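Today I opened my notebook to look up disulfides. I wanted to write down what I found in plain words.

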Amino acid sequence: MHPAPPISAALILVPLLFFFFFTGPVIAWRPWPNQSLNKTDFLFGGSKKYEGSSEFVQLKYHMGPVLTDNITVFPIWYGSWQSSQKRIIREFISSISAVDSKPPSVAGWWKTVQQYTDQTGANISRHVHIGAEKNDRFYSHGKSLTRLSVQSVIKSAVTSTTRPLPINPKSGVYLLLTSEDVYVQDFCNNVCGFHYFTFPSIVGYTLPYAWVGNSAKLCPGVCAYPFAAPKYIPGLKAVKSPNGDVGVDGMISVIAHEIAELSTNPLINAWYAGQDPVFPVEIADLCEGIYGTGGGGSYTGQMFNGEDGATYNMNGIRRRFLVQWVWNHLVNYCSGPNALDQ
């Protein structure tokens with residue numbers, strides 16, 4: 001039997017929210033160039049009701065572990081990265097635990113993730129920090145990666161003869177970031193990133209990991225939306241990115257998406273909706289494409305515009321970011337720190 005596929009950062013279908021009432025299941029909006037349907041999309045296509053509560057969403061806990069110990073993110077920089085790009089991503093990760101940031105903050109966004117617990121009642125950790133990093137600037141596995149070769153890159157990082165990454169299966173998150181000239185299987189078609197866990201047969205350990213790619217050259221209109229608009233959808237206007245790098249600013253929300261889901265469902269047996277763990281609907285999938293109050297369909301929701309014209313919805317330590325909301329299982333709707341009722 002083939003191993004289960006990794007979890008995509010975005011399901012192909014998302015709900016359409018009307019401002020005053022909820023219609024039946026519809027094909028929702030995401031700028032994927034090639035849309036296709038599967039049974040999970042049909043099942044949840046009308047239940048992912050952004051922002052407004054929905055009794056149709058049955059997000060359940062399946063008794064698996066979640067990341068309750070202090071979370072350490074181990075970045076693996078694959079390919080060619082500028083120092084300025086690394087700084088943006090590092091600061092976003094550091095902002096998750098920066099509770100003194102100006103509201104609405106990244107730390108405020110993480111409070112929704114913290115509400116999830118394991119079977120003992122222990123919450124997701126409040127502390128997320130960056131651990132050791134690994135640079136793979138010479139493309140050790142080439143510029144075209146499959147989902148399995150992604151695991152081989154991680155193996156190289158944790159078994160390197162010089163400064164290998166620590167082995168931390170309990171609270172480590174291994175974050176593989178590929179540069180703009182690297183293609184990963186299914187990239188741009190229906191994923192901008194995914195998370196799963198490594199196979200001992202490949203890596204030697206079971207480690208929660210995520211991959212996120214820089215789409216600046218390959219598909220900014222898909223994976224860096226709304227900082228870039230798809231050419232095949234006329235009339236859509238891109239907004240200005242908050243840190244002046246469309247590809248990296250687009251990656252930030254995908255990184256947030258994956259870290260939130262890795263924390264609540266690291267081994268694909270904890271928090272998700274649906275009956276099939278191969279195609280789970282997770283806490284960020286339920287809020288794909290919503291960044292503010294009123295979001296849904298092709299509308300991102302109400303965001304902020306800075307004096308410099310940049311669009312964002314939350315603050316970090318020194319920077320601003322645009323990050324999608326996540327599902328709040330206590331109130332049964334998507335939640336974010338910039339909600340107008342906060």
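What follows are my entries, pair by pair.

**Before starting.** I am working with a predicted model, in which local features need pLDDT of at least 70 and side-chain atom pairs count only at pLDDT 80 or more, while totals for chains, interfaces and linings use all residues. Residues are numbered from 1 along each chain as its sequence is written, and side-chain values use heavy atoms, with hydrogens and water left out.

**Entry 1: the count.** I reminded myself that a disulfide is a covalent bond between the sulfur atoms of two cysteines. For the search, I took a disulfide to be a pair of cysteine sulfur atoms within 2.5 Å. By this rule I found three disulfides.

**Entry 2: Cys 188 and Cys 219.** I looked up this pair and noted an S to S distance of 2.1 Å. The link of Cys 188 and Cys 219 is left-handed, with -75° about the S-S bond. The two cysteines sit in distant parts of the chain, 31 residues apart. I placed Cys 188 in the loop between strand 8 (183-184) and strand 9 (193-197), and Cys 219 in the loop between strand 10 (208-213) and helix 5 (220-223). Helices (H or I, at least four residues) and strands (E, at least two) are DSSP runs, numbered from the N terminus. Both Cys 188 and Cys 219 are buried; buried means under 20% relative accessible area, with a 1.4 Å probe and protein chains only.

**Entry 3: Cys 192 and Cys 223.** Here I noted sulfur atoms 2.1 Å apart, which form a disulfide. The link of Cys 192 and Cys 223 is left-handed, with -85° about the S-S bond. Cys 192 is in the loop between strand 8 and strand 9 and Cys 223 is in helix 5, so the pair ties together parts 31 residues apart in sequence. Cys 192 counts as buried because its relative accessibility is 2%. Cys 223 is buried too, at 5%.

**Entry 4: Cys 287 and Cys 334.** What is the distance between the sulfur atoms of Cys 287 and Cys 334? I found them 2.0 Å apart, in a disulfide. The torsion about their S-S bond is about -100°, so this disulfide is left-handed. Cys 287 lies in the loop between strand 11 (271-273) and strand 12 (304-305), and Cys 334 lies in strand 17 (residues 333-335), 47 residues apart. Cys 287 is buried at 0% relative accessibility, and Cys 334 is buried with a relative accessible area of 1%.

**Entry 5: the pattern.** Counting bonded cysteines along the chain, I wrote down the disulfide pattern as 1-3, 2-4, 5-6.

How values were computed: Buried < 20%, exposed > 50% of the residue type's maximum accessible area, 1.4 Å probe, protein only.
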